[in-house]
Amino acid sequence: MSIGVKVVERPIEQTSYIRATLTGMAHTLKHLFNPEKVTTQYPEQKESISKRWRGTHRMLTTEDGKAKCVGCGLCPTVCPANCIKLVPGEDEQGNRYPLVFEIDEFRCIFCGYCQEVCPEEAIHVGRHYENAEYSREGFVYDLERLMAQTHPVCEMWDPADPKGE
Amino acid sequence: MTTIHALLQAATPGSTPHTLPYFVFTLVKLLLVFTVYMVGVALLTLAERKISAWIQDRHGPNRVGKGWLQPAADGVKNFVKEETYPAAANIPLFVLAPALAFIPALVTWAVIPFAAPWDSPWGRIDMMLAPLPVGFLFILAISSLGVYGIVLAGWSSNNKYALLGGLRSSAQMISYEIAMGMSTIPVLLLSGNVTLNRIVNQQAFETWNVLNLTIAFFIFLVAAFAETNRLPFDLPEAESELIAGYHSEYSAMKFSLFFIAEYANMVTASALMSTLFFGGWDIPFTLWDNVAPFTFLKTFLTLGCFVTKVLFFVFLYMWIRWTLPRFRYDQLMSLGWKLLLPLALGYIVAVATTIVTLDALGFARGSVPFHLGLILLNVAAVVILFVILDRGKLISPAYSRLNQRDVAKLRAVSAPRRAPLLPESGD
């Protein structure tokens, strides 16, 4: 009994190393003089990102510059990574507002549930990816910072219009 | 001063070194060649990255001074990085190894003639650093020293990957050195001399060796690739198996020295190829550059010609590197020992026989019929080797045909070992 080694007989064009080398070199030479490059020159040029991109958060504001958040507590409840810290407060008229609203972007998994669950359309995940900081503390975004963000926000997936048309 | 004069005279017998101009010009040549060589090697690292980028449809380095200052930035980075020493390394050898890899690459350059001599107002000046009469033998001797740097680096790092890389490189370089030395014997047979200037002149007045001795050039080319550890023969630093091979443990400028040595070796091998097979500094199709009077213009033009040839081969190195994948280790060894070495030996016999026959037939060396005879032999050899013998068996990549006899032999060897593992026939 022997191991069934299957030996495929191939034509010379496929087995000649020298011919394969020459073909390969012709191919690379063609690309050497190809003026079309695939590189995106990053800081100057940027690739467009999806409308449904889920990046770092942004808190939308009302016309008089206050956060839309009413401190209902749905987003810290739904958050699977437990990264939202919310302490609700109430003013004299009985309007609820967040005393503390912090998101730890390192813990965040960018699932977008907070945006989906928010009844006031206040917290959003953003279409944004340039987030470098010099310290770890810089990644805990407080309410002021979340409100100061200006980047566009994510358009959530609509089950009625799955392709976004 | 007298010692230096004595040394100079020992290096160049027949010259008159007891003159100040000779001394001054030697110094100037030393400085110029060293500077140009090192700057050139630095720029080659940039060229390598640019060519690799273009072949892969990218831009390559284009940030630091439009890319031109990239070698300078790399150099500064390597100087300020931390030098690390493995705890169990053999420190003296560990420090010595990069220098041992780097120096032979530089020293080889001393005997390569890079331009036509110049009849200056102070006497004729040879355009090579040391016009040694044994020129070519010196190169063979020095180029085999390069392996010590790599082996010592692998050994002294006290790291299994480095050691394996060093072992591989020593096996590879020693194997291919034989083929390389043998492939140059036909050149020496034709020129009848080992002085590189004579070899260049012989090619200039007759024909370039690449036309007469294509097979020898082919063997030399392949062996030179293996000698310089460049792809497809870069097994000593195969990333997939050995991390970075012999320089795994090196950092900062010591790593950089290995890197520079690789490029310096590449330039030297390219210079050798152009000197031995492509007429050195000879300008093709003309003879005026090879005869007196040797003006400065001639020196300058022949230098340009030489640099062009060397740069072409350097480009070939890079072109092939970014085209071919690495060989498997057994393929590398069988190519060196089973193909290149017998081929080189057979070729020596063929060329020697042809030369003796042509001599016996009464054709003078260097005459047209003499060269026609050589070229006929060459065409026949090329056709036989690359068309008739090339059936996928010259170099055997993994997908090529297996010899049925080898398969049967392998099965027979493994049969007794496999037997106890086989299920009982009665079950």
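**Exercise 1.** Determine how many bridges join β3(A) to strand β5 of chain A, and which residue of β5(A) is the bridge partner of A:Asp104.

*Solution.* Step 1: β3(A) and β5(A) (residues 140-141) run antiparallel and are joined by two bridges; strands pair if DSSP finds at least two bridges between them. Strands here are DSSP runs of E with at least two residues, helices are runs of H or I with at least four, and both are numbered from the N terminus. Step 2: the partner of A:Asp104 is A:Val140.

The model is predicted: local features need pLDDT of at least 70, side-chain atom pairs count only at pLDDT 80 or more, and totals for chains, interfaces and linings use all residues. Residues are numbered from 1 along each chain as its sequence is written, with chains lettered from A and ligands numbered from 1 in the order in which they are written.

**Exercise 2.** Find the strand order of the open sheet in chain A and describe the hairpin formed by β2(A) and β3(A).

*Solution.* Step 1: β2 (residues 84-90) and β3 (residues 96-104) of chain A pair in the antiparallel sense over seven bridges. Step 2: A:Pro88 is bridged to A:Pro98, and A:Gly89 stands opposite A:Tyr97. Step 3: five residues lie between the two strands of the hairpin, and A:Gly94 in the turn has a positive phi of about 85 degrees. Step 4: the three strands of the open sheet follow the order β2-β3-β5, with antiparallel pairing. Step 5: β2 and β5 of chain A are at the edges with a single partner strand each, so one side of each has no neighbour in the sheet.

**Exercise 3.** Classify the crossing of α2(B) and α12(B), and list the residues that meet.

*Solution.* Step 1: the axes of α2 (residues 20-55) and α12 (residues 252-277) of chain B come within 9 Å and cross at roughly 105 degrees. Axes are lines fitted to C-alpha atoms, for helices over the stretch in contact, and angles run from 0 to 180 degrees between N-to-C directions. Step 2: the two helices are therefore roughly perpendicular (65 to 115 degrees; under 35 is roughly parallel, over 145 roughly antiparallel, the rest oblique). Step 3: B:Gly40, B:Val41, B:Leu44 and B:Thr45 in α2(B) meet B:Ile260, B:Tyr263, B:Ala264 and B:Val267 in α12(B); contact requires C-beta atoms, placed from the backbone, within 7 Å.

Key. Two residues are in contact if their C-beta atoms, placed from the backbone, lie within 7 Å.
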